[in-house]
Amino acid sequence: MQLSSLAPGEQGRVTFISAEGDMRRRLIDIGLIENTEVSCLGRSPLGDPSAYLIRGAVIALRDSDADTVFIEREG
Amino acid sequence: MGITMQSSTKDARINTRSIEKKEESDLVVALVGNPNVGKSTVFNALTGMHQHTGNWTGKTVSMASGYVKAYDRGFCLVDLPGCYSLFAHSREEEVARDFILEGNADAVIVVCDGTCLERNLILALQILCLTKNVVLCVNLLDEAKKKHIEINLKKLEELLGIPVIGTTARKKKGLSNLLRAVLKIKKRPPADVWNLPENAGRSEEETAREIVRHAEEISRTVKNEAGESAYARDRRVDRILTSKAFGFPIMFLMLLGIFWLTIEGANYPSSILSEFLFRFETPLLQFLDFLPAPLPEVLVLGAYRVTAWVVSVMLPPMAIFFPLFTLLEDLGYLPRVAFNLDKCFKKCRACGKQALTMCMGFGCNAAGVVGCRIIDSPRERLIAILTNSFVPCNGRFPFLVAVLTMFFAGSGSVLSAVGLAGFIVLGVLITLLVSYLLSVTILKGVPSSFTLELPSYRRPQIGSVIVRSVFDRTIFVLGRALVSAAPCGILIWICANVMVGDASILKICTDFLNPFASLFGLDGVILMAFILGLPANEIVLPIIVMAYMSGGTLTGMEDLIGLKALLSANGWTAVTAICTMLFSLMHWPCATTLLTVRKETGSLWWTVAAFLIPTIVGFTACFLVNTIENILL
């Protein structure tokens, strides 16, 4: 499944990132690589973007970007 | 290490040269860190706040440098812009990367956030791949403690092989150790510094992953966390501030609250100041009597009067607005505004961080334009730059408040605040509309990707809020206004008093502009004031008043009632007021902002666009209002 389909409160583990170019770089730089644990904290009032907890930091990603991160749902 | 020099910004070069050693033995020390780790607090605490240069977002948008003497050694400290990575994305990050890569620093202090060590270590490890002369500063230890996070600094030092210093910069704890550690590594370079295992075939991306994995491993070893509850309070606050039900209402109320406090609070000091300053007018005129005529009048009724006006109208609102705004910034609320609004910007094919640069624009549009560096995509950055002046800066909103109060709100400051907030919302809507139009025409493109950190909420440091807002902002902005106020006062006095034939130069000019201006619900004087106000928007209202007053003598200008009488006597109606306010919200940016656009875009063409876009929108809006009024009445 994709990161964007993680509901607030749910957790997952990254399996694959399909983003390319700058965004791929950016995601790696904030620590989003395979096996990274991510949880969704909430959505903005208009439903997009959503806030994710990534390695102790809260990062907002747009759905269109979170679509490029594939995860396995956990617990 | 696969870090390559892609481009070296001119900025970095120019700034590098400005770092001057006082003695040959002085050490150049660069401060690097992720955004929001209190890097500037460390810098200010070390340099004793001897620098105040355009640090608007709470972020360093260009490099600030300061000098400190300690342990018989001089240190030139350079505060680099916050960055997540040396693999540069934004222009801010380029500046930081180039500075380190070009070997400008004798040592680098990497500032980390103790509450978010793992992510911060990624940058630290990247830097260690470039230079061994690094001291790690683990800051915000008090916040970490509050969140029940313990960090074993000794162990961290062992693992990295460089000095690690724990600090709480806002309480000035641990700072002296930082410079001592810098001296130590300069005397004896650390021998066993962490580095990536040799592996020639590794791609740049593989290197980056390796570093992320190492950061995770190190963090796991040195960090002791008491459960998930550590961040629970932040989550609770976020659930309210960014909720479907309350996100937008709270944002609007916050805006309203700030304006109400500013308007209500500034009212009384403003009239006292004006009464006080104008009391000197007559004595000053008498005192300067020895000068040949008309010099005393030029100086007093021209230069002094406009200056006094600007001070009394501008100073109190700024002195209230800036601290309040800095407070919101320090709390960490502004990124939430960007988070809430991002979808609107995305719809208009722009970047959500534009909301942040617009917030900066409230203070000063030139600062807002510089702040656009936080936007990665060049196309979206240009959109943000070109539309920034649709947010009324501090030079304009006291004008809006004055006109609103005179013509619509009576003496009710709540009504004025609501009216002003309405104008701001209009400005935001216009920004979105123009951003969209630009995106489908001259700046065609789709929205690029976007990552935005929502940092922890922090208790603001009241002392630093006041210092920063008063010194960095109030005095800076007011000073700039005054520099143009005095010469403009002289110019306008001369224009109003030098006669050509039967009429003064001023009258000739305003009469000339009148037919054109009246198409837009304005008059020649108003349009002329906006033209003369190009150096600083603050002087628009004083120029209007002086121009009207030159027709006859009027006293009692200290209060708005007298002012309204003057404006009404010169033909102002409610429609004139609306058109003037609209034009104030949407017209050419001030000269400083235009120069900044020129510098940031490096293009005359975009500077012209930054001038024309708001001007055309403003004239159109005024024309519509005026035409509708003419048809209806």
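This is a predicted model: local features need pLDDT of at least 70, side-chain atom pairs count only at pLDDT 80 or more; totals for chains, interfaces and linings use all residues.
Helix axes here are lines fitted to C-alpha atoms over the stretch in contact, and the angles between them run from 0 to 180 degrees between N-to-C directions.

- Helix 10 (residues 247-279) of chain B packs against helix 12 (residues 295-331) of chain B at an angle of about 150°, and their axes are 8 Å apart.
- Angles over 145 degrees count as roughly antiparallel, so that is how helix 10 and helix 12 of chain B run relative to each other.
- Their crossing is right-handed.
- On the helix 10 side, the contact residues include B:L261, B:G265, B:P269 and B:L273; on the helix 12 side, they include B:V311, B:L315, B:P316 and B:F325.
- By type, the residues of this contact divide into 17 nonpolar, five polar and no charged.

**Helix 3**
- Helix 3 (residues 91-101) of chain B is largely enclosed by the rest of the structure, because 10 of its 11 residues are buried.
- Among the buried ones are B:R91, B:E92, B:D98 and B:F99.
- After helix 3 of chain B comes B:G103, which has a positive phi, near 65°.

**B:A496**
- B:A496 sits in helix 19 (residues 462-497) of chain B.
- This alanine counts as buried because it has 21 C-beta neighbours inside 10 Å, and the cut-off is 20 or more.
- Leaving aside residues up to four places away in sequence, B:A496 touches B:S504, B:L506, B:M546, B:A547 and B:S550.
- B:Y548 is 52 residues from B:A496 in sequence, yet their C-alpha atoms are 9.6 Å apart in space.

How values were computed
Residues are numbered from 1 along each chain as its sequence is written. Chains are lettered from A and ligands numbered from 1 in the order in which they are written. A residue is buried if 20 or more other C-beta atoms lie within 10 Å of its own, exposed if 12 or fewer, and partly exposed in between; C-beta atoms are placed from the backbone. Helices (H or I, at least four residues) and strands (E, at least two) are DSSP runs, numbered from the N terminus. Two residues are in contact if their C-beta atoms, placed from the backbone, lie within 7 Å. Angles under 35 degrees count as roughly parallel, over 145 as roughly antiparallel, 65 to 115 as roughly perpendicular and the rest as oblique. A crossing is left-handed if the near helix is turned anticlockwise from the far one by less than a right angle, and right-handed if clockwise. Ala, Val, Leu, Ile, Met, Phe, Trp, Tyr, Cys and Pro count as nonpolar, Asp, Glu, Lys and Arg as charged, and the others, Gly among them, as polar.
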